[in-house]
Amino acid sequence: MRLRQGVLVAEDLEGTLAELGEAFGIEPGYRDPGVKVFGLVNAVLPVGDTFLEVVSPTTDDAPAARYRARRGGDGGYMVMVQSDDLPADRARMEALGVRIVWTGELDDIAGVHLHPKDTGGALLSLDQPVPPESWRWAGPDWRSHVRTDVVRSLAAVEIASPHPERLAARWGEVLDRPVHDDSIALDPGCIRFVPGPGERLCALDFEATDRARAGEARIIAGATMRLV
């Protein structure tokens with residue numbers, strides 16, 4: 001399993017994209033018309049061969065709109081993990097009693113979204129692309145939009161919880177990965193769990209191309225973006 005994509009929800013899609021471009025030199029590579037079924041518009045920005053997506057609700061009853069209303073504004077929304085064996089993952093979800101709220105079955109990728117009440121913290125998606133280096137959700141020509149002058153990969157996501165050790169244990173169970181110091185290591189990538197009010201995806205770490213910039217941070221769309 002590897003960390004492949006983080007997702008933000010923001011009221012102002014274009015303003016958020018402009019901030020991300022100014023801060024990290026990344027640009028949208030795809031706007032997926034298929035997210036209309038979720039009451040959204042979006043943009044997917046490649047960061048090396050990982051991705052940052054920004055979604056913006058177009059209807060008040062969209063799940064992302066309800067999530068944004070509950071948390072009081074913009075913020076982290078979804079973590080997307082690349083699976084090596086999605087059928088085995090689905091069997092594990094059934095054994096754990098984790099509900100699947102959406103399923104996608106295409107010729108070059110399959111994915112499931114898990115019910116956030118059964119995982120906690122954030123919406124979690126498990127996706128298996130074929131071939132593994134591809135990523136249909138980023139569109140047909142995402143590689144031509146890769147810009148690595150400032151950042152070159154999504155390195156980690158951070159989820160806040162009043163009980164981070166409990167939430168880390170649940171995600172470790174769901175992902176079938178060991179937990180060390182309230183963190184789950186992926187291949188590559190990391191999911192960390194930290195103390196905080198409520199449960200939310202609160203931060204994303206990006207590997208800095210210029211190592212001298214490691215440690216810089218900026219809040220965009222309600223989430224902390226860090227260079228590491």
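**Helices and salt bridges of the predicted chain**

Reader: In which helix is Asp 118 found?

Author: This is a predicted model, in which local features need pLDDT of at least 70, side-chain atom pairs count only at pLDDT 80 or more, and totals for chains, interfaces and linings use all residues. Residues are numbered from 1 along each chain as its sequence is written, and side-chain values use heavy atoms, with hydrogens and water left out. Helices are DSSP runs (H or I, at least four residues; strands are E, at least two), numbered from the N terminus. Asp 118 is found in helix 4 (residues 116–119).

Reader: Is Asp 118 buried or exposed?

Author: A residue is buried under 20% relative accessible area, exposed over 50% and partly exposed in between (1.4 Å probe, protein chains only). Leaving aside neighbours within four places in sequence, Asp 118 has contacts (heavy atoms within 4.5 Å) with Gly 97, Val 98, Arg 99 and Arg 170. Its relative accessible area is 13%, so Asp 118 is buried.

Reader: With which residue does Glu 173 form a salt bridge?

Author: A salt bridge places a side-chain nitrogen of Lys or Arg within 4 Å of a carboxyl oxygen of Asp or Glu. Glu 173 is partly exposed at 38%. With the closest N and O atoms 2.8 Å apart, the partner of Glu 173 is Arg 170.

Reader: How far apart are the end C-alpha atoms of helix 5?

Author: The expected span is 1.5 Å times one less than the number of residues. For the twelve residues of helix 5 (residues 164–175), this gives 16 Å. The model agrees, for the end C-alpha atoms are apart by 16 Å.

Reader: What arc do the buried residues of helix 5 cover?

Author: In helix 5, Pro 164, Leu 167, Ala 168, Trp 171, Gly 172, Val 174 and Leu 175 are buried. They lie on the same side of helix 5, judged by the directions from the helix axis to the C-beta atoms. The arc around the axis is only 160°.

Reader: How many residues apart in sequence are the parts that Asp 107 and Arg 136 tie together?

Author: The side chains of Asp 107 and Arg 136 meet in a salt bridge (3.4 Å, N to O). Asp 107 lies in the loop between strand 5 (100–105) and strand 6 (109–114), and Arg 136 in the loop between strand 7 (123–129) and strand 8 (151–161). Asp 107 counts as exposed at 69% relative accessibility, and Arg 136 is partly exposed at 38%. The separation in sequence is 29 residues.
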